Every structure is written in structure tokens, then in C-alpha cells.
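Have the sequence and the 3D view open as you read.

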Amino acid sequence: METVYDALDAAHGGGGQWAFGTGFDDPLVGVDTTVPDGVDPADLGAYCLMLGDDALVLAQRLTEWITAAPELEEEVAFGNTALDLLGQARLLLARAGSVGVLGSSRDRASATVPDEDALAYFRDADEFRCTGLVAAVNGDFARTMVRLLVASTVRLAVLTRLRGSRDPVLAAVAAKGVHELAYHRDHAARWVLRLGDGTAESHSRAQAGVDAVWPHLTDLFTATDVEQRLAAAGVAVDPADVREEVHDVLATVLTRATLRVPDRPGDVPPRGRTGVHGPELTELLGTLQGLAREHPAATW
Amino acid sequence: MPAPPLDPVVDEARLQELFDATVAAERRIEPRDWMPEGYRRTLVRQIAQHAHSEIIGMQPEGDWLLRAPSLRRKAVLLAKVQDEAGHGMYLYSAAETLGADRTDLTDRLIDGRQKYSSIFNYPTLTFADVGVIGWLVDGAAICNQVPLCRSSYGPYARAMIRVCKEESFHQRQGYELLLTMMGGTDEQRAMVQDAVDRWWWPSLMMFGPPDTDSPNSAQSMAWGIKRHSNDELRQRFVDMTVPQAEFLGVRLPDPDLALDPETGRHRFGPIDWDELKRVISGDGPCNAERIARRRAARDDNAWALEAASAYAQKHGARS
Amino acid sequence: MSARAGWPLYEVFVRGKRGLNHVHVGSLHAPDDEMAVHAARDVYTRRNEGVSIWVVRADAITASSPDEKDPMFAPSGDKVYRHPTFYDIPADVPHI
């Protein structure tokens, strides 16, 4: 089969510009993976799970749009965003595994399953540390774009600060991630503008999306003990620090989109970050994990 | 030789002559060139059918995107399905240079007025199907498509060059998945063999009816929009695939499959053409489901497209 | 034929790397210029950063008029392509 490809490469300069494949850049090449002094590896791993699970679960939600998007251009955009988040999830889960934070997953997954997959496929819902914001169902295109706007605004604010983390791995993941997140936020914001200020129908759908997503802000800015300890050690970001920035960005976009900005929901103690989830996460994981769990000894 | 100026009244015979000479000399026809109406119409139909196949082809594997059993496989499959959306776009682009309109072509697909490759009307029952689709279905597509990189119509040929480059990645990821699964558990090996058993014959059907029953082929060959006959490409695919199957350790489900020592080519058993006709005419296992999904994507989201158009009007089309 | 009007067609030009010209790579549909640039980046550069993209509405491009130097030109005006904007197909033409 080689001849076919050779002829093509020759015909097209072989630059590979158009082939987007499996070659994900590894931002950890040359990065020191030692745990910083004075940091409990269990805390570091738990924090990586929080950020990693957010990315994994949102990637899964966005992937649900593939073959169902409004236009082909949007199919491709959903694919790009999901691929970016999946890439971030893989690095963060692998980092959690490398510092020994694997929960019960190692008891269930066979030895040949890499850490990132053990964590993604063999933990139960109560071991996941994602927020309710990303676990919520998609709803229509408007609600999906509002959720993406909120989630990417929060994550961009966190990763922007995390570039200065004392943990070199988190810093490297954040440095790569901010470019991706800036694009996701931009794309979502453009759509929210168009839906909010488009037709009467799109406006009411967008407003309904905002109203449905807003309650999920309630536990986004309250830190867990892990985040507090790591933030004090210069490793993590205290989510309370990004609250004002996030609200400013969202208010700016929604106002320009002629949408009503709901009142800020009151802060409650962290739920998703401590493993408290609704049935929608269990359902999502049932789909995501089903096949891998059916064949625990298999290699893929 | 400098051509004499054309008569203001278009000299059709002279244009036809120039067109024929351009195709015969293996030069490309470009969008603004004069072309016979039949050439344009055949091309639009062929390119649209090809584009529809890419878009419908997202679905059989898309079924496994949410369930892929490792994060690496999930990323690879997502990239692949996304490529197919891109391929569909490149091809619709090419069709649009001929005066077709993507919105209209999509409607024709959904209304059943235009076809897509019958292969995508078969279900994907296990994850091994993802690998076999990459290996056999994309492999067959590459055999079909590489010659189209030299299509006489420039925009189509250029789109195909890009498509084929990406398809080669698709075939490799499929084969690599199968190799990994064959090195896994007995259960996985059985999954691979089962998938090969189900996809082998439909893959051979992808090359279309036998040459004896392919009425439009001669004209398409003369126009340079088809470069090899169906049977020729099918034979090439079989010869390419048999050693790959041996290396993989799977059996191709054809008792008549054998190397002819004289020609160096493989003989293979009779193809069930009635099955192909049934599936093409809409009686395949998944026809209705595939179209229903496209219809839902169009109808459920039409309001979002309208919203973006309305916003553009409000804020100036060049906002 | 559908009553819905699709988004307008844009032509996409990409500078693959510094030192090269922008080259026409294909087309796409978008509601406006901004979204067209976004879609072009997603579709035609597939997440490769650092390339430069131009988009222009297909109906804004003017092409040279055909003359006797290239007799292959169809006498069809000054538009680059036979895009639907300038080439209407009646809905009842079968199998087009």
C-alpha cells in the first residue's frame, strides 16, 4: 500500500499540511516532572483530576454534536474544540496517574491499560471531580454555545494564572491550553452574539440557555481544601480569584448579545469537585466507559 | 499555434474541439471554460454523490465516537470523522464551481434524489468495525480516488489530492487498530474476524457494477472524469488487500479466493449484485436512519443559521 | 428546491508559511466575514497556528474578461466561477 501514498506525497510536496492526524504535540517534552518541594502528591493528583475531568467530560458532551451540527463548518469546529479538550484531559489524567492518584481504577483496569485510560474508564461517577457545569446535558445549539462560553471563560481565566504554577507540568499544560481556550471562548462568544441578537426565536432560545446554565455558576468559585492548600503553595489557582473576571466577561458578551444577565447565584460549597454529581454524569460515563469495561483485559 | 478569434456567435463545434483537445492532452478544464452540458451535469452528479458519501460516512464510525475504549482511539477517531466533514466540504466546493449549490445538494440528498455510497448503509456492530472500515472501506476508497487526482476537471482533481492525503491516514489508523486487536484477547480476535466477514463483500461492491453492466463508463472515461474501469480497480484492491489480510492473520470470507500463478493476480468468487441493487435503492439495513439524522441536523438547527444571517444583515454583511 | 437560503459562499486563501503567497485553497459558507475567517481556520488549516488566512465573498471577486488569447473561456461574464450566485438552476431539472 505504500506506493499509493508515495505517489501522493510526491504530487503534493509532502508537507503534510492538510493531513491532520494523530500527531498531538506533547507539551511535556523536556519538562521536569518532579513534584515541587512541600507539595503533597495526593493534592497535586487530585487537582489534576479536577481540571482533567472538566476537559474530558466537556469533550464528550461536544462530541455528541458530531453528525448533528447546524452546518458542516460547525461539525469541524465542534471537532476541533473537543480534540483540544481531549488533549488537555489526557495530559492531566496522565499527570495524576504519575503521582500515584488512581483511586480504585487500578483495581479494575488490567496492567496494560495506561493511567490516563484507567482513570477515564475505570472510575465511578463519585470519583470524578468535574463541575456540574460541564456534566450538564447539551440542550439545543444555543444552550450548548452558552455553556461553552461559560466553561471556556472560566477555564481560560484559570489556565492563564496557572501558567505561573510552581508545578512545571501544570504550567506547561496551561501554556498550551490558553491558546486553545482563547479560541473556544471566542468561537462561543461569536455564536452567543449572533443567537442573542439574531431572530426572535434565537434570542429566546439563547436566553433560555443562559437561564439554564447560570445556576451552575453557584459552586464554581468556592475552593476545595485541596485547591486552597495548593493555591497557598503557588501550585494551583483559587477559583475565587477568577470570579470577577469571569462575571465581567460574561456580562459584557451577554449585554452585547442583547441578553439579560441573571443575578449572580450565591456561593455554595463545592459539589462536583468533591464527587457529588447528578444522574447526567452517571449516564454520560455509562456511554463513555461501557465498552472498555466490557473488555477489561483487552488492548486497543 | 495562435487560435483565430471566435465568432461573436459562439461557435459550439469549435469550442467542443478545443475542449476535446484539452482533455486529450491531459490538461485541466477549469470552471470558466466552455464545457459540454453533459460533462458538467455528470460531474455535478459524481462530485455531489462523493460529497454526500463523505458526510453520510461520518455516521457509521460516529456511532463509536462516544464509546471508543481508549482516549487515544477516541482522539484518532474524532480527528478522522472530522476529516470526513472536511472532505465533504472540499467536494461540495468543487461542485459549486459548476453552478451547483450546497444547500440544494443537501436537500437532494435528504429527499433521496441523489445517492451516496451504499457501503454506509451497513451497521457498525462492534468496535472492530471501526478498524475494518479504515482498512477495507477507506482502502477501497483510496483505490477509487487516487486516479481522480488526475481528473480532467481542475477543482475536482485538486480536492481529491487533499482528500487522498488524509485518507491515507485513515487507512493506516484502521489497520493499526486491527493489528492491536489481533494482538489482544481471543474475544478481540473474534471481533476482528467477524467484522471482516461482514465488510469484505460490501467493500468489493464499492467499485460499482461490473464493466459489462456499467453503461456510462465509456463516456466518463473519454471525458477524463473516470480513469479506470470498475473491474480493474476492484482487481487492484483485491490484489493489494490479500497480503495485508495474511499479515493481519484474518481470513477473507471467499472460498474461491486464490492467486492465479500465471497472471499474478487473485481470482475471487461471484459478487451478489442483487444485494448491491437492494442497498442502493434504499433497502439497506441503515438507509432510513442515515438520512433521518441528516434531516434532523438540518431541520432542528435551521433557526440557528437564520439567526446568523439575520445578525449579519443587522450589523452589515461584512461585520 | 428548498425555500431556505443558505449562507453566502466565501473563497479561502491561505499563506502556508512565511515567504509564500496566499494560495486559493477552496471555499466555504458563512453568515459573515468574521465567521468565515473562523471556519476557514477550522476547515482549511485544521488547528495549525501561524498561518495567514484571507477570505472574500465569492460574488465580490471580479475576473478578467475572456478574450481571443484563450479561446477556451466560455463567454460567461467576469465572475471567477459558475457559482450559483450567477448561475441559476431551475428546481425541476432532474439529477443535476
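A quick sorting rule before we start: Ala, Val, Leu, Ile, Met, Phe, Trp, Tyr, Cys and Pro count as nonpolar, Asp, Glu, Lys and Arg as charged, and the others, Gly among them, as polar. This is a predicted model, where local features need pLDDT of at least 70, side-chain atom pairs count only at pLDDT 80 or more, and totals for chains, interfaces and linings use all residues. Residues are numbered from 1 along each chain as written, chains are lettered from A and ligands numbered from 1 in written order, and side-chain values use heavy atoms, without hydrogens or water.

Now for the holes. A cavity is a set of points, on a 1 Å grid over the protein atoms alone, where a 1.4 Å probe fits but cannot get out; lining residues have an atom within 4 Å of a point. Points are joined across faces, edges and corners, and volume is the space filled by probe spheres set on them. There are three cavities of 30 Å³ or more.

The largest cavity holds about 260 Å³. Its lining has 19 residues, with D54(A), V154(A), R155(A), V158(A) and R273(A) nearest the centre. Helices here are DSSP runs (H or I, at least four residues), numbered from the N terminus. Those giving two or more residues to this lining are α2 (41-63), α6 (132-135) and α7 (141-162) of chain A, and α2(A) gives the most, five. The lining splits into 13 nonpolar, two polar and four charged residues.

The second largest cavity, about 70 Å³, has residues of chains A and C in its lining, including E73(A), H187(A), W7(C) and D42(C). Here α1(C) gives the most, with four residues. Its lining divides into six nonpolar, three polar and three charged residues.

Notes. On a 1 Å grid over the protein atoms alone, a cavity is a set of points where a 1.4 Å probe fits but cannot get out, and a pocket is an open set with protein on both sides within 12 Å along at least five of seven lines; lining residues have an atom within 4 Å of a point.
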